[in-house]
Amino acid sequence: MQARMKQPAMVIPEAMKALLALSKATHSSGVPEKTIHLVHLRASQINGCAVCVEMHANDAKRSGDTDQRVHLVAAWREAPYFTDAERAALALTEALTRVADRPEAVTDEIWTEAARHYDEKALSGLLLEIGAINVWNRLNLATRQVAGSFR
């Protein structure tokens with residue numbers, strides 16, 4: 001496999017700085033690091049971004065997450081290993097990643113459950129993280145970045 005081109009954020013260094021600054025800013029929102037890794041992993045699975053699936057599974061493991069949780073994030077509804085707050089974050093992630101799959105991208109039920117677990121600052125951070133990982137996924141997919149190429 002070969003990428004079509006360099007990762008666009010590496011071609012335009014100011015874009016990389018901006019994306020990294022966004023991530024740094026959202027990490028102070030109060031969303032647990034493990035939750036952020038799960039959100040990144042789930043969106044990347046949905047989008048089929050091998051680079052990000054590999055990266056964020058490894059990030060989750062480095063942050064102390066278990067093999068069970070990393071392996072079962074794609075089946076989080078059926079697995080007993082996730083907290084209610086993590087489930088709310090994963091549901092919101094799926095809704096925002098699959099915005100075209102239903103008439104209302106984020107239902108009131110999904111929003112209410114997320115807002116029950118996260119205050120406004122944390123919810124803002126979560127929304128920004130979901131948006132950011134979807135940007136990374138789309139850039140990697142468009143340019144066919146190869147898993148393992150960012151080690």
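**Close-up views of a predicted model**

**View 1. Arg144 is placed in the segment after H8.** The structure shown here, as in the views that follow, is a predicted model. Arg144 is not a glycine, and yet the phi angle of this residue has a positive value, near 55°. Among the residues in contact with Arg144 is Arg4, once residues up to four places away in sequence are set aside.

**View 2. Arg4, in the segment before H1, meets residues from the other end of the numbering shown here, including Ala142, Thr143 and Arg144.** Arg4 counts as exposed because its relative accessible area is 52%, which is above the 50% cut-off for that class. The side chain of Arg4 comes to 2.7 Å from the backbone oxygen of Ala142. Although Arg4 and Leu141 are 137 residues apart along the chain, the distance between their C-alpha atoms is 9.9 Å.

**View 3. Met5, Val11 and Ile12 together make a nonpolar surface patch.** The area of this patch is about 270 Å². One of its members, Ile12, belongs to the loop that lies between helix H1 (8-11) and helix H2 (13-26). Ile12 is classed as partly exposed because its relative accessibility is 49%, a value that falls between the cut-offs of 20% and 50%.

**View 4. Thr26, a residue of helix H2, touches Gly125, Leu128 and Glu129 when residues up to four places away in sequence are not counted.** With a relative accessibility of 3%, Thr26 is counted as buried. The side chains of Thr26 and Glu129 are joined by a polar contact of 2.2 Å. Thr26 and Leu128 stand 102 residues apart along the chain, while their C-alpha atoms are separated by 6.9 Å.

**View 5. Ser29, which sits in the loop between H2 and H3, reaches with its side chain to the backbone oxygen of Thr26.** The distance for this approach is 2.7 Å.

View 6. As background, nonpolar side chains tend to be buried together in soluble globular proteins.

View 7. With residues up to four places away in sequence left out, Leu126 touches Val31, Val39, Ala89, Leu92 and Tyr118.

How values were computed
Residues are numbered from 1 along each chain as its sequence is written. This is a predicted model: local features need pLDDT of at least 70, side-chain atom pairs count only at pLDDT 80 or more; totals for chains, interfaces and linings use all residues. Side-chain values use heavy atoms; hydrogens and water are left out. Patches are made of residues with over 30% relative accessible area and no salt bridge: like charges are joined within 9 Å, nonpolar side chains (Val, Leu, Ile, Met, Phe, Trp, Tyr) within 5 Å. Accessible areas come from the Shrake-Rupley method with a 1.4 Å probe; for residues, only the protein chains shown count as cover. A salt bridge is a side-chain nitrogen of Lys or Arg within 4 Å of a carboxyl oxygen of Asp or Glu. Helices (H or I, at least four residues) and strands (E, at least two) are DSSP runs, numbered from the N terminus. Buried means under 20% relative accessible area, exposed over 50%, partly exposed in between (1.4 Å probe, protein chains only). Contact means heavy atoms within 4.5 Å. A polar contact is a pair of N or O atoms within 3.5 Å; within protein, one must be able to donate a hydrogen and the other to accept it, and residues adjacent in sequence count only if both atoms are side-chain atoms.
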